[in-house]
Amino acid sequence: MSLSLCLMSLLLIPFAAAGLALLQQGLGRSRSAAQAMLGSLCALATAAIVFVLLGSAWMGLAGGAAHVLHLGGRTVNWLGAEPLFAAGIRGSLTAGPGRALVLAFGMFAVGLCGLIPINAGSDRWRLAAVCAATALLAAILFPLMAHWVWGGGWLAQLGPLFGPLSGLPGFTDMGGAAVIQVTGGLCALSVAWIVGPRQGKYTEGSAAAIPGHNIVQVLFGCMLALIGWIGLEAAAAMLFYSAGLGQIALTVINAVLAGSAGCLAAVLTTRLRYRKPDASLSANGWIAGLVAGSAGGGRLAPVEVILIALVAGTLVTFLVELLELRLLIDDPGGAISVHLGAGLWGVLAYGLFAPATAPRAELLLSQLIGVATLVGLMFPVIHISHRLLNRVIPFRVDADGDWQGMDIRELGAGAYPEFVLHADEFTPR
Amino acid sequence: MPTTACIAGWVGRLAGLFVRFFGFYSSAAGPPSGGPHLCRPKACIRKGRGEGRLESPHSKDLLAKDRELRVSWFGYLLMLSGWLLAAAALFLLNGVGERLLFVAAGLMVEALGLGLITYRYRSLQRGPQ
């Protein structure tokens, strides 16, 4: 691993956070823009502090100290057991920068993961609740999954644990499609269910379109996100899968191709369905392509990544509609479709397209087990803990605040004080 | 003997829970013919068409809320059961095909649980019909 390349990749990750923050505040209403941006900043801050103090200990390191369970004659590594409060990090530098680099990566990754649900709770999720939910994510939820996949936990060790004879491969997530994107997407779904739709979204059985207030910022956010994604995937591949320089170069190529194919697929799909390309859905297609492509990173061939991203970009346009119109889930930024839907597809697609280091059925099996764990174990844990948290710190702003806008309600001043807004009435679809 | 009694007690309790849940759940939409059905609070027991309707609109709301909560918890349990099914396949089976089949079955159970929670959310959003 090249230390300088790894450091440079790490330094690019905040661009992804900036991109996502711009994207979500642009897709929300103008009366909540400042609160959305401050919420993103607070989420990043809370995530960084809580993760370094608590979460990093439970995320652990591959080959580091861990809590184990003995089940059926097998030793299941289920939680990291590194020192709390990042104790001993200075001392560990003499042995090498490995632990510090993983800590830095985890800090950025959990921040990114914490930004995803803000997108779904936009315009009605209170700032205090954003901070509390992010703290919960950074302390427990993210480290749990990160340890299982990247910290030498049971999902990474599926082969030695369950299939020494048949050579079952471990669950693979090269760039965080499962650990960051799907976990964040599950949090987004939970938050969207808890806070419910915005006032005026569903009236008399039909859904009103509440368009984003600044699509230019949304599209600029997509470009920033690409830079961040390249850093994220490259850093994860180097830190957790010992990727070489060649693989990193392919990771960069694949990330650009994934975003491009996802965006073009969404442009084409919306052009065919609505006669004109939809800018916000195309932006979602871009991010969906990046998310789906990040599961395989530099291990997949460019053609395979293009195919995966084309499916992801198309899938997202349908998922957004399904969630909004059929399931009555108000997700202003499309976070659930983009991060959860495309993330799950990316994880499965890795099992279908990855180089055959093991029989195809076994590759697919290990990815399916990862998906089953995310949906069947992580989601109930996330949703129940969010519901409990909601009893202590109510997630949703009161009815007045909903109409007034989160900026005035929570911050006392609007994001655009020189404009007078009259947007209470929305055109039903 | 105490062990047998203990097991019988647990079986009885589980059967009671099952009957209570499904008896209650079947009352979600009400029987098409308005025939007898059960729901948990005594005040809601209807014995026939237009007979013994004791519930007020308020108690109806509470009942709906209670039912939604039960559906929701049942959804979580199904999701966890699906994951346990997938995990058990790894411990108990050896063949790749068998494992794939069990993991796929586990995923379907999870999807069913997620569907139940989605159903709960949708019916809450739509309000009392």
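Let's start with Gln367(A). Leaving out residues up to four places away in sequence, Gln367(A) touches Gly170(A), Phe171(A), Thr172(A), Val347(A), Tyr350(A) and Gly351(A). This is a predicted model, so keep that in mind throughout. Gln367(A) sits in helix 13 of chain A. Is Gln367(A) buried or exposed? Its relative accessible area is 1%, so Gln367(A) counts as buried. The side chain of Gln367(A) also has a polar partner. One of its polar atoms lies 3.1 Å from the backbone nitrogen of Thr172(A).

Together the two chains bury about 2,700 Å². Carbon and sulfur atoms account for 75% of that area. On the side of chain A, Phe162(A), Trp193(A) and Arg387(A) lose the most area to chain B. Those three together make up 22% of what that side buries.

What about charges and polar atoms across the interface? There are 0 salt bridges between chain A and chain B. There are 8 residue pairs in polar contact across the interface, with both residues at pLDDT 80 or more.

Now chain B itself. Chain B has 3 helices and 0 strands. From the N terminus on, its elements run α-α-α. Of the 129 residues in chain B, 33% are buried. Take the contacts in chain B between residues at least 6 apart in sequence: 54% of them join residues at least 24 apart. The accessible surface of chain B is about 8,200 Å². Carbon and sulfur atoms hold 70% of that surface.

Last topic: salt bridges. Over all chains, the whole structure has 8 salt bridges. Here is one of them. Asp330(A) and Arg198(A) meet through their side chains, 2.9 Å from N to O. Why does this pair tie together parts that are 132 residues apart in sequence? Because Asp330(A) lies in the loop between helix 11 (302-326) and helix 12 (335-353) of chain A, while Arg198(A) lies in the loop between helix 7 and strand 3 (202-203) of chain A. Both Asp330(A) and Arg198(A) are buried.

Next, Arg396(A) and Asp402(A). They form a salt bridge, and their closest N and O atoms are 2.2 Å apart. Arg396(A) is partly exposed, at 25% relative accessible area. Asp402(A) is buried, at 1% relative accessibility.

Then comes Arg409(A) with Asp398(A). Their side chains meet in a salt bridge at 2.3 Å, N to O. Arg409(A) is in helix 15 (residues 406-411) of chain A, and Asp398(A) is in the loop between helix 13 and helix 14 (399-404) of chain A, 11 residues apart. Arg409(A) is partly exposed, with a relative accessible area of 36%. Asp398(A) is partly exposed too, with 37%.

One network to finish. Through salt bridges that share partners, Arg29(A), Asp123(A), Arg198(A), Asp330(A), Arg396(A) and Asp402(A) are joined together.

Methods:
Residues numbered from 1 in each chain as written. Chains lettered and ligands numbered in written order. Heavy atoms only, no water. Buried area = accessible area lost by both parts, 1.4 Å probe. Salt bridge = Lys/Arg side-chain N within 4 Å of Asp/Glu carboxyl O. Polar contact = N/O pair within 3.5 Å; in protein donor to acceptor, adjacent residues only side chain to side chain. Helix = DSSP H or I, 4+ residues; strand = E, 2+ residues; numbered from the N terminus. Buried < 20%, exposed > 50% of the residue type's maximum accessible area, 1.4 Å probe, protein only. Contact = heavy atoms within 4.5 Å. Areas by Shrake-Rupley, 256 points an atom, 1.4 Å probe, with all protein chains shown as cover.
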